[in-house]
Amino acid sequence: MPNEARPGTGEQAKQHALAKLRQAILHGDMAPAQRLVENELAEQFGVTRASIRAALIDLEAEGLVERIRNRGSRVRVVTVEEAVAISECRMVLEGLCAAKAATLATDDELAELADIGTAMTKAVADGEPVTYSELNQRLHARIREISGQQVAVELLERLNAQLVRHRFQLALRPGRPQHSLSEHLAMIETITARDPQAAEEAVRAHLTSVIGALRE
């Protein structure tokens, strides 16, 4: 890349490498258990090995990377039981966010949630699981944002990042979008009804179903 486009050194370079690596892992460009070779990554992203090493330390703290003694770093493998444990934590935090969203959502925000629900219904009818998965993530993200519970939002972003591979696999499982659609529509309905308790219960019911699907 041209010199003026290089991220430089120090903190700027680390943040550049961190963003690129995180994106590659979350988008599935780097598979679980894939080795992360510092020299290769430094050349790929145009930064120093020290910047890559610092980025990998941050990603380890986020649960996306694991360091194997005497073998370097690799993309972390999240087991089914770990995914279940993470989903149990999501249940509490996302239930809180849904309850708050039911209280705080504006009419425009409720209309936006309804539109997402309509699009999800269409994606299922059209047999488009990838589109459905993207809308699924968008719905959960908007509920978190509407809640205004920033601590829960930050915790959930970290937890959800570790589940990216399992979420994608579930989305492509035959029949799964059809099964989960009614759960997501129930979440939208209870938030729209401005019923915090019912909204929290709808989220918990949905994630209980997710946990069951993970264990199948």
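Okay, quick definition before I start: when I say helix or strand, I mean a DSSP run, at least four residues of H or I for a helix and at least two of E for a strand, numbered from the N terminus. And keep in mind that this is a predicted model.

With that, let's go to the loop between α1, residues 10-26, and β1, residues 35-36. Ala 33 sits in that loop, and its phi is positive, about 80°, even though it isn't a glycine.

Arg 194, in the loop between α9 and α10, isn't a glycine either, and has a positive phi of about 55°. Arg 194 is partly exposed too, at 36% relative accessible area.

Now, the annotation. The UniProt entry, which is unreviewed, puts a "domain: HTH gntR-type" at residues 11-78. Over that stretch the chain is 54% helix and 15% strand, with the end C-alpha atoms 29 Å apart.

Last stop, α6, residues 129-147. That's 19 residues covering 27 Å from first C-alpha to last, close to the 27 Å you'd expect at 1.5 Å a residue. Its buried residues include Tyr 132, Leu 135, Leu 139, Ile 143 and Ile 146. What do the buried residues of α6 pack against? You get α4 and α5, then α7, α8, α9 and α10. And just after α6 comes Gly 148, with a positive phi of about 70°.

Notes
Residues numbered from 1 in each chain as written. Predicted model: local features only at pLDDT ≥ 70, side-chain atom pairs only at ≥ 80, totals over all residues. Heavy atoms only, no water. UniProt positions renumbered as here; feature names shortened; annotations may be inferred. Expected span 1.5 Å × (residues − 1). Buried < 20%, exposed > 50% of the residue type's maximum accessible area, 1.4 Å probe, protein only. Contact = heavy atoms within 4.5 Å.
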